[in-house]
Amino acid sequence: MQHAQQEFLKIIETNKRLIFKICNSYCQNADDREDLAQEIIFQLWKSWGSFKNEYKLSTWMYRIALNVAISFYRKEQKTTSTVLMGEHLIEIVDENLEEGLEANLNALQKFINELKPLDKALMLLYLEEKSHKEMAEIIGITSTNVATKIGRIKEQLKQKFSSQ
C-alpha cells in the first residue's frame, strides 16, 4: 500500500499543471480552486485502483478531473454567476504584444467563460491541442460528436468576435 501511495503522489506532482489548469478554468476564487483541487485528487485516489494501462495516464486524469470540475461547477453555479477561464491563457501573452491581441485574448477568455460546462471542457482540451480521439476518451463521447461540437463552438466564437 505504501508503494501505491508513493507512486500516486509522484504522478500527482508530475501532473499538477493539468489539475491547476482545470481548477483555474472552473473556479473564480482561490478557496474554490483549492476545494476543487482537493476533490479532484481525492477522486483520482479513489479511482487509482481501477486505472488501466490501455489509456494514457493524462487521458484518465483529464476524464476524472473534468467530470469532478463540471459537477463542482454546476453546484457552484447556484451561488455564482461568473467563472474565469484561468491564468494559463493570460500567461501566454507577451507583455510587449499589441493591445489588440491582448483585447482579443481577453474577449476569447470571456466568451469561453460563457460556454456550457461540457463545451468549456472541450475548448480547454482543444487549446491543449488534444486530438479528437483523446477528447472523446476524456469526455466520454464519440470522436464525431467532438468534431461536431468543436465546429459549433468555433462558429459561436466567430459570431461573438464579429459582433463585438
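Predicted model: local features only at pLDDT ≥ 70, side-chain atom pairs only at ≥ 80, totals over all residues.
Residues are numbered from 1 along each chain as its sequence is written, and side-chain values use heavy atoms, with hydrogens and water left out.

The protein chain contains nine helices and zero strands (DSSP runs numbered from the N terminus, helices being H or I of at least four residues and strands E of at least two). From the N terminus on, the order of elements is α-α-α-α-α-α-α-α-α. Of the 164 residues in the protein chain, 40% are buried (under 20% relative accessible area, with exposed meaning over 50% and partly exposed in between; 1.4 Å probe, protein chains only). The accessible surface of the chain is about 10100 Å², and carbon and sulfur atoms contribute 50% of this surface (Shrake-Rupley method with a 1.4 Å probe). Among contacts (heavy atoms within 4.5 Å) with a separation of 6 or more, 71% join residues 24 or more positions apart.

Helix 2 (residues 16-26) packs against helix 3 (residues 30-47) at an angle of about 135°, and their axes are 9 Å apart (axes are lines fitted to C-alpha atoms, for helices over the stretch in contact, and angles run from 0 to 180 degrees between N-to-C directions). The two helices are therefore oblique to each other (angles under 35 degrees count as roughly parallel, over 145 as roughly antiparallel, 65 to 115 as roughly perpendicular and the rest as oblique). On the helix 2 side, Ile19, Ile22, Cys23, Asn24 and Tyr26 meet Arg33, Leu36, Ala37, Ile40, Ile41 and Leu44 of helix 3. By class, this contact has nine nonpolar, one polar and one charged residues (Ala, Val, Leu, Ile, Met, Phe, Trp, Tyr, Cys and Pro count as nonpolar, Asp, Glu, Lys and Arg as charged, and the others, Gly among them, as polar).

Helix 3 also holds glutamate 39. Glutamate 39 is partly exposed, with a relative accessible area of 33%. Its C-alpha lies 7.3 Å from that of valine 68, 29 residues away in sequence.

Helix 8 (residues 132-139) and helix 9 (residues 143-162) pack at about 105°, with their axes 8 Å apart. Helix 8 and helix 9 are therefore roughly perpendicular to each other. His132, Lys133, Met135 and Ala136 in helix 8 meet Ser143, Val146, Ala147 and Ile150 in helix 9. This contact has five nonpolar, two polar and one charged residues.
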